[in-house]
Amino acid sequence: QVQLKESGGGSVKPGGSLKLSCATTEWPGGRTCMAWFRQLPGQEREGIATIDDYGETNYAVSVKGRFTISQDNARNTLSLQMNSLKPEDTAMYYCAAGSPPPLPPSAGMLWGPCLLDTQLYNNWGQGTQVTVSS
């Protein structure tokens with residue numbers, strides 16, 4: 001339903017900053033989630049940050065306070081501003097699109113928040129490499 005393409009990766013020294021971008025196609029109606037993940041070879045894909053169609057965000061503890069996820073009004077571009085980068089931030093970074101988890105009727109809402117779970121995302125970009133080293 002949506003096509004994604006990341007850009008903006010590169011090499012940076014510890015403490016530096018990078019801004020990643022993800023170009024998107026038009027979104028269908030309904031609740032949707034967009035997210036950034038990262039992955040090192042031989043490791044599981046790690047959720048970094050999510051943002052829903054209302055602009056609510058969720059961050060992994062490892063990047064909270066350093067990274068900021070954002071989107072433009074039409075959701076044509078998803079961004080990840082990365083500050084105070086550390087060597088352990090080195091990874092292939094992916095943008096993704098999916099749906100929030102459904103909630104039971106007792107919750108009073110139909111959908112929960114966008115979570116840092118790969119199973120919620122069924123559309124992925126091809127990735128952009130970020131390397132943080134001295």
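The following questions and answers concern a predicted model.

Student: Is strand β9 largely enclosed by the rest of the structure or largely open, and how many of its residues are buried?
Tutor: Strand β9 covers residues 91-98, eight residues in total. A residue counts as buried when its relative accessible area is under 20%. By that cut-off β9 is largely enclosed by the rest of the structure, because the number of its residues that are buried is seven.

Student: In which sense do strand β4 and β9 pair, and which residue in β9 does A35 stand opposite?
Tutor: Strand β4 spans residues 33-39, and it pairs with β9 over seven bridges. The sense of this pairing is antiparallel. Within β9, the residue opposite A35 is A96.

Student: Over how many bridges do β9 and strand β11 pair, and what is the bridge partner of A91?
Tutor: Strand β11 comprises residues 128-132 and pairs with β9 in the antiparallel sense. The pairing extends over three bridges. For A91, the bridge partner in β11 is V130.

Student: Which residue in β10 is the bridge partner of A97?
Tutor: Strand β10 (residues 121-124) pairs with β9 in the antiparallel sense, over three bridges. In β10, A97 has as its bridge partner N123.

Student: Where does R75 lie, and is it buried or exposed?
Tutor: R75 is not a glycine, yet it has a positive phi of about 60°. It lies in the loop between β7 (67-71) and β8 (77-82). Buried means under 20% relative accessible area. With a relative accessible area of 7%, R75 is therefore buried.

Student: What is the phi of S84, and what is its relative accessible area?
Tutor: S84 is placed in the loop between β8 and β9. Its phi is positive, near 50°, in a residue other than glycine. S84 is partly exposed, and its relative accessible area is 41%.

Student: How much space lies in the largest pocket, and which elements give two or more residues to its lining?
Tutor: The space in the largest pocket is about 160 Å³. Among the residues that line it are T50, D52, T57 and N58. The elements that contribute two or more residues to this lining are β5 (46-52) and β6 (57-59).

Student: How many residues in the lining of the largest pocket are charged?
Tutor: The lining includes R31, E56, M109, W111, G112, P113 and C114. Divided by class, the lining of the largest pocket has four nonpolar and four polar residues. The number of charged residues is three.

Key. Residues are numbered from 1 along each chain as its sequence is written. This is a predicted model: local features need pLDDT of at least 70, side-chain atom pairs count only at pLDDT 80 or more; totals for chains, interfaces and linings use all residues. Side-chain values use heavy atoms; hydrogens and water are left out. Buried means under 20% relative accessible area, exposed over 50%, partly exposed in between (1.4 Å probe, protein chains only). Helices (H or I, at least four residues) and strands (E, at least two) are DSSP runs, numbered from the N terminus. Two strands pair if DSSP finds at least two bridges between them. On a 1 Å grid over the protein atoms alone, a cavity is a set of points where a 1.4 Å probe fits but cannot get out, and a pocket is an open set with protein on both sides within 12 Å along at least five of seven lines; lining residues have an atom within 4 Å of a point. Grid points are joined across faces, edges and corners, and a volume is the space filled by probe spheres set on the points. Ala, Val, Leu, Ile, Met, Phe, Trp, Tyr, Cys and Pro count as nonpolar, Asp, Glu, Lys and Arg as charged, and the others, Gly among them, as polar.
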